[in-house]
Amino acid sequence: MWNRLPGVWICVAFAIASVLFALLATNAYYTSLVVWVLTNAVLASALRFVLQIGELNIATAAFFGIGAYTTAITAVLLGWPFWLTLLLAPLVAGALSALFGWVTLRTKGPYFLLVSFAVTEVVRLVYTQTNAIGGNSGLVGMFPPMAIEAYYPALAVALLAATLFALYGVERSDLGRLFKAIENNDAIPRSVGLNVVFLKVLCVVIAGSAVGLAGGLHAYANNVIAPSDFTFFVAILALAYVKIGGEGHALGPVLGAALLTLVGQWVAGISAWENIFYGAVIVVTLLVFPGGLVGLAARARGLVTRSAR
Amino acid sequence: MHMANWTRPLGAAAVMLLFAQAGAAQETLKLGISAPFSGAGATWGLGMEWAAEQAAERVNEEGGVTANGKTYMFDIVSYDNKYSATEGARSAQTMLNRDGIDFIVGTVGTAPLRAMQALTERKGVIVFNVAWGKSVKGPEFPYTFTQMNTPFEILVPFYTFIKEQHPDLETAVLISPNDATGQELEPMAIETWKNLGVEMLASDWYERGTTEFQPIATKIASLDPDLVDFSAAPPTDVGSILKELDVLGWEGVKVISAGSSVEALMAVAGEAAEGAYLGASADFSGESATEVQKELNAGAREALGEPLNGLTISPYDAIMALRAAIEEADSVDPTKVKDVLPSVRFESSYGPSGFGGEATYDYPQQMLLPVIVTRVENGETVELTRSNPAELEALIND
Amino acid sequence: MELFVQLLANTLQIGAVYVLFALGLTLIFGVMKIVNFAHGGFFTAAALIVTSVVPFATVELGAPLWAGYLLAAIVAIVVVLCLGALVYGIGFQHVLKDLNGSFILSIGLLLILNGAYLAIYGGAPRTVPQVLPGTVSIFGAALTAQRLALVIVAAVVTGGLYLLIERTRLGLALRAVAMDQEAAMLQGMPFKRVALYGFLIGAALAACAGVLMAPINAVTPVSGDEFLIKAFIIIIIGGLGSVPGAIIGGLFIALIESVGGYFFDPSTATLATFILVIAFLLVRPQGILGNVE
C-alpha cells in the first residue's frame, strides 16, 4: 500500500497541508507543535536510516546538537546571515559524521552502540566545558530575520518534510538496497568487490546531515539551546518513535513521532507521568505489537485481502 | 500540590464552562511559576509554589484585584524548569502560547531565566524571578523584575559581617557550581573577599549532579583555608561536601551565599553544618520577623515539613507587588503594568517595599528588601542581623 | 605520602560502589547478551526503600537504628528481587539475545520506574541517618566508619560472587551460557532458567549497592542513573561480560576520578573518562579482559 505511487502522493499532500497549516495558523503553540513533530520525525527517520545497516547510532543525538550549535554559534556569536547559518548546520554535522563513522565503524553491535553513546556524552561535556559557547547555560537569541520570522514555521516544516522525502528517496534507490545488503551480511557485498566501510560511513553521513539540518532549524525555532538538549536521551526517544511507528517502513518513524509527540503534550508538565507514559508505550508496543503501527496496518491489510480472496 | 497540576486545568476548564453559561462575573488571572520541582533544587519549587498559593488565596479572599472595572482572581500554575535553560524555554513556551499566561511570579536560576527572556521580553510578559545573575537585568529587559536580594545586594554586607565576626580570616577557597549563576557570582565573590583582605587560594568548579564529593573535599582540606565559600551551590550539594570535609578534619568558617534551606543542609551534613553562615536564609519565626512571615512560616512547616526561607517566600512578595501595580495601572495589560512597577509602593512580607537598584543595573527592577544574615546553631537557623539597604531606608522614611 | 594514602582511600570508597553496580550489569550482559539500561532502577529502588523503611522502623516500631537499617536492607533486597523477577517474566525473557529489542525494552522500563519513583517519592533528595557514626583513620587517611563498612561489605559480596561463579554448579552454568549459549543448551542446560538466575543476581548486586549508598549520599529518584553511565564506562573498559574486568574497570575509573578530581577538577575528570573509553573501544573493543568475538 505504502510502496506504490498513490501512497507517496498522499504523503506529499500531507506535507503540503502541514506547510499550509504552519503558514496560516495563528496560534503559535500549534505551529510550534507541527515543527516539533517534524523535527522528531527527522530524528527518528535518521536513526532508522542507520538501522538499515544494522547499527543503533546513539550519536544521532550528538549530530542533532552539532547542527544546532553550528547554527547558533554562527548566528549569535559571529552574526552570519541566516541562510548561511542554516546551510552550515547539515554540512558541519555531515563532515563530523564522516570523521565519526570512519573512526568508529570498525566496531559493531553492542560495541558500536556503546561507543556512539560515549561520543554523545563527550560532545555534550565539551559544550559544558566551553565558556565561549555559554557552557552549561547554552546560547540564547537565535531569531530568524524579521522579514522571514512570520513564515519561519512554514519554512521549517517544508525543509523538514523535504528531508524526510530525501531519506526515503535514498532508501528506495540502489544505494538503499546496498545498505540493506550490509545489514543482512556484510561479507556478501564485500565479496562482490564493494567497499563496505565506505558504504557504512556514507550511510552515517547521510543520516548525520539530515539531523544536522533538523538541529539548525531547531535552534531558530526554539531561540535557545543548551547542552542538556542533546543528551543520549534524544536518541532514545527517537528510538521509541521508530519502535512505536514500526521499523518496517519509512513512514513508521514519522507516524511514531507524530503520535508520541502529540499525545505526549497531554501529559506534559509533570515529568513523572510523562516518563511513565512514554515508558509504558514503549514496553507495551515492543511486547504486544513488535511491528509497531506500520506492522499493525500491514497485518490488518493482510487480513482484509485474505478475507476478500 | 505540584502533582495536582495536570488535573487543575481540567477542573478549571469545567468551572469556566459553568461560569460561561451563567455569564462571567469575575475573571481568573493565571500566574505562572517556573521552578525546579525535581533534583537538588526541588525544595525551592515546592516552597515557592506554596508561598504563591498563599498569596493568591489572600488576594482572592480580600476580593481579588480590580482593574478597569473588572475583578480578577489569581490562580497559580506551576511548571518544572529542572534548573535548565532548555526546560526554562519550554516552560515559557507552554505558559505563553498554550496557557496564555501574562505574569510569571517566580522563576529560579539565571540560565533558565535567560532562556525565558528570549520569549517573554519579545512577547511582553512580566517575569518576576530570583535569578542571581546581573546579565538578566538592565534597561533592555524592562519586563524582568527580581523579587529577592542577589549577590550584588548581599555579598558586601554579608561578607563584611562575617569578617567582623572572624577578624583573623586570611585565606579562602571558593567552590562554585558550573552554571550561569556560579559563573556570574565567582568574580564578584573573589573581588569582595579581596577587598576585605582575604586571599583566595583556589576557585574550583563542579558539575551539578555530581554524586561523589571526596576528591573536591580532599583538595580543600589539603589547602586548609580559614574559610570555604560555597557560592551558589544548592544546600544538598553543600551538605555532601561539608560532610566529607568534616571527615577529613577540616575546621573553619563555612559560608553559603545561596544557603537557603537549613533543613536540606542538615539532612545531608548533620552536625558538619554547624556554624555555617547562610546568605539567603531567614528565620521567619524569630523576633524580627513580621506577623505575615510568622504566619506563612508556621503554615509552611505544617504543609511542607520545613519553614520558608528568603527564596521560597519571594513569590508572596512578587504577587503583592503585582497586585499593587495592576491596581495602579488600572489594567491587566503587562505592558502597562511593567511601566508602573518601578515606582509602585506595596506591602511585602518584610514590610513596606518598592523597586530600586538603578545604580547597579541601570534600571529600577530590584525589589528592595532587608539583608538578613543567618547561621546554623544547634541545627536551627538563627538570625544574626537584618539591615535595610540605603534605598529601602529612604523609601520607608519617605 | 599522607595525601596519596587519602587519594587511595577515596579511590576505594568510590570504587566499591562502582564495582558492585558494574558487576551486576556485566553479569546480565554476559549471560543474556542484553544491555540493561534499567539496571539503575534496581539501585534506586533499594536506596529509596531504605529511606522509607528506616524511619518507619525506628519511629513507628521503636527499633534501634542498626536493626531498622538491617530490616530495611532485607526488605529492599527482597523487593528488588521480586521486581527483577517481574521485569524478567513480563519482558526480558521475550527478547533474550536481541540486542536492539532488549535495549529498547530496558529503556521503557527505566522510564516507567523513574516516573513511578518520582510520583511516589517526589523529586526532593531523601536521607537516612548514618548507621555507623564516627571517623576512622588508616595510615593517615580519614574516612567515615560508614564508608569503611561499605568497602568491606562490597569486598565480601564481590568475593562471594567470585566463589559462586568459579566454584558452584550455578556458576558453571552461568559461565557456560555466557561463553556459548547454543553449546550449553545442547549439553542440556536450561538456558532460560540460568538467564533468570543471572538476571536476579545482577539485580541483587544493584540492590546491595543501593542499600549501602543510602546512608552515605542523599537519594533522589534518579540516583541510579549517574551510576549507570559510570558503570557502562566501566564494563566497556573491563570488557563486556567479564567479571574480573568489571572489578578492575571500577577501581580504575574511581582512581581517575579521585586523582583527576584532586589535581584538576571533577568536570575535567569526567571528560577524561569518556575520552579514555572511546580510545579504548577503538583500540581494543573487547576491553581489558573481554573475549575476542
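Tutor: Start with handedness: a crossing is left-handed if the near helix is turned anticlockwise from the far one by less than a right angle, and right-handed if clockwise. Helices here are DSSP runs of H or I, at least four residues, strands are E runs of at least two, and both are numbered from the N terminus. This is a predicted model: local features need pLDDT of at least 70, side-chain atom pairs count only at pLDDT 80 or more, and totals for chains, interfaces and linings use all residues. Residues are numbered from 1 along each chain as its sequence is written, while chains are lettered from A and ligands numbered from 1 in the order in which they are written.

Student: What is the handedness of the crossing of α2(A) and α7(A)?

Tutor: The crossing is left-handed.

Student: At what angle do the axes of α2(A) and α7(A) cross?

Tutor: Axes are lines fitted to C-alpha atoms, for helices over the stretch in contact, and angles run from 0 to 180 degrees between N-to-C directions. The axes of α2(A) and α7(A), residues 152-172, cross at roughly 20° and come within 9 Å. Under 35 degrees counts as roughly parallel, over 145 as roughly antiparallel, 65 to 115 as roughly perpendicular and the rest as oblique. So α2(A) and α7(A) are roughly parallel to each other.

Student: Which residues of α2(A) and α7(A) meet?

Tutor: Contact means that two C-beta atoms, placed from the backbone, lie within 7 Å. Val35(A) and Leu38(A) are among the residues of α2(A) here, and those of α7(A) include Leu160(A) and Leu164(A). Now sort by class: Ala, Val, Leu, Ile, Met, Phe, Trp, Tyr, Cys and Pro count as nonpolar, Asp, Glu, Lys and Arg as charged, and the others, Gly among them, as polar.

Student: How many residues of chain A and chain B are in contact?

Tutor: Chain A gives 21 residues and chain B gives 23. On the chain A side, α2 (28-51) and α13 (271-288) each give two or more. α2(A) gives the most, with three residues. By class, that side has eight nonpolar, twelve polar and one charged.

Student: How many residues does the contact take from chain A and chain C?

Tutor: It takes 32 from chain A and 32 from chain C. The side of chain A that touches chain C has 23 nonpolar, seven polar and two charged residues.

Student: Is Thr261(A) buried or exposed?

Tutor: Count other C-beta atoms within 10 Å of its own, all placed from the backbone: 20 or more is buried, 12 or fewer is exposed, and in between is partly exposed. Thr261(A) has 20, so it is buried. It sits in helix α12 (residues 251-267) of chain A. Thr261(A) and Val37(A) are 224 residues apart in sequence, yet their C-alpha atoms are 6.1 Å apart.

Student: How many residues of α5(A) are buried?

Tutor: 17 of the 20 are buried, so α5(A) is largely enclosed by the rest of the structure.
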